[in-house]
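Visitor: I have a model open and want to go through it piece by piece. Can we start with a single side chain and work outwards?

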Amino acid sequence: VEYALKQDVRFFNAKAEYKWPNKLEVTVKEREPALYVANAYNGYIMVDYKGTIMSVTNSIPDAKAPLLTGEKCGNAFVGDDVANERVDGILKFLLSINSEARRQIAELMMDNDKNVKLQLRNGLLLRLGRAESMPDKAPLFNTVFNEIKDFAGSDKLYVSIAAGISLNIIEENLGSDKKIIRVMPNTPALV
C-alpha cells in the first residue's frame, strides 16, 4: 500500500503502518499546487513547490495557484520535474515567502528581458527584477508585503525592489502620474 501511494504524483509522501491487533493506519501528505505555467502544447502545467508536474490541462481549472505568464515549459508530463531554471527560481521564491503572501499572489508576469512583476489579488503590482535573483528577494518581499497587504485604495500603488532600476526609468514605463515606491535593502547594515 505504501509503495503504491508513493508512486502516485498527487502525494508528496505516504506512510502505511500495521497497528496491533488488526489495524492498518495510512498517512499521506498531498502535494500543494504552487504555480500554473504554459507548456509547449498551448495548455498549462500545474507544478508543486519542488517543481513536480501535478497535472497538464488545456485550461486553468481553478485559482489554487498563481499563473506565470511570459515563460513556457516544453514537453511536460505528469510526474516529471520542471526543467526550467527561471521557473525553478520562481518556485524557490514562492516557497521562501510566508503563506499569507503566497495566497495573495494572482499572477507573475515575465517580460522578454526576464524581469518579473507580481500582481496581488487586491490589484497591487510589484516589480521584482530579474527572474534568477528572485529567491534572494524573498525576505525583502515578506517585509514589503506585510506593510502593503491592507492597501485598499482605488488607485494602484507600484512597488519596485529591482536593483539598478531608477525611479525615472520606472516612471517612464508606468507614467509619472502613478504612485511608485522604490524599496532598496541596506545589506551592509545587516553585516
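Predicted model: local features only at pLDDT ≥ 70, side-chain atom pairs only at ≥ 80, totals over all residues.

Visitor: Which nonpolar residues form a patch on the surface?
Guide: Val1, Tyr18, Leu24, Val26 and Val28 make up the nonpolar patch, with about 510 Å² of accessible area together. Strand β2, residues 23–30, supplies the largest share of the patch, 3 residues.

Visitor: Now the interior. Where is valine 47?
Guide: Valine 47 is in strand β4, which covers residues 44–48. Its relative accessibility is 0%, so valine 47 counts as buried.

Visitor: What does valine 47 touch?
Guide: Leaving out residues up to four places away in sequence, valine 47 touches Glu32, Pro33, Ala34, Leu35, Thr52, Ile53, Met54, Val82 and Leu91.

Visitor: And how far is valine 47 from valine 87?
Guide: Their C-alpha atoms are 9.8 Å apart, and the two residues are separated by 40 residues along the chain.

Visitor: How many salt bridges does the structure hold?
Guide: There are 8 salt bridges. One of them joins lysine 15 and glutamate 17, with the closest N and O atoms 3.8 Å apart. Lysine 15 is partly exposed at 45% relative accessibility, and glutamate 17 is partly exposed at 30%.

Visitor: What about lysine 64, which residue does its side chain meet?
Guide: The side chain of lysine 64 meets aspartate 62 in a salt bridge, at 3.9 Å from N to O. Lysine 64 is exposed, with a relative accessible area of 61%, whereas aspartate 62 counts as partly exposed at 28%.

Visitor: Which residues are linked in a network of salt bridges?
Guide: Glu71, Arg86 and Lys114 are linked that way.

Visitor: Over to helices. Which residues of helix α4 are buried?
Guide: Helix α4 runs over residues 138–148, and its buried residues are Ala138, Leu140, Phe141, Asn142, Val144, Phe145 and Ile148. As background, an α-helix has 3.6 residues a turn, so residues three or four places apart point the same way.

Visitor: What do the buried residues of α4 pack against?
Guide: They pack against helices α2 (85–96) and α3 (99–104), and against strands β8 (115–120), β9 (125–130) and β10 (157–160).

Visitor: Finally, the whole chain. How many helices and strands?
Guide: The chain has 6 helices and 11 strands. Its C-alpha trace spans about 70 × 40 × 35 Å along the principal axes. Of the 191 residues, 40% are buried.

Visitor: And what about the surface and the charges?
Guide: The accessible surface comes to about 11400 Å², with 49% of that belonging to carbon and sulfur atoms. The chain carries 25 positive and 25 negative charges, and their mean positions are 2 Å apart.

How values were computed. Residues numbered from 1 in each chain as written. Heavy atoms only, no water. Helix = DSSP H or I, 4+ residues; strand = E, 2+ residues; numbered from the N terminus. Buried < 20%, exposed > 50% of the residue type's maximum accessible area, 1.4 Å probe, protein only. Areas by Shrake-Rupley, 256 points an atom, 1.4 Å probe, with all protein chains shown as cover. Lys, Arg positive; Asp, Glu negative; His and termini not counted. Charge placed at Lys NZ, Arg CZ, Asp CG, Glu CD. Patch = residues over 30% accessible without salt bridge, like charges linked within 9 Å, V, L, I, M, F, W, Y side chains within 5 Å. Salt bridge = Lys/Arg side-chain N within 4 Å of Asp/Glu carboxyl O. Contact = heavy atoms within 4.5 Å.
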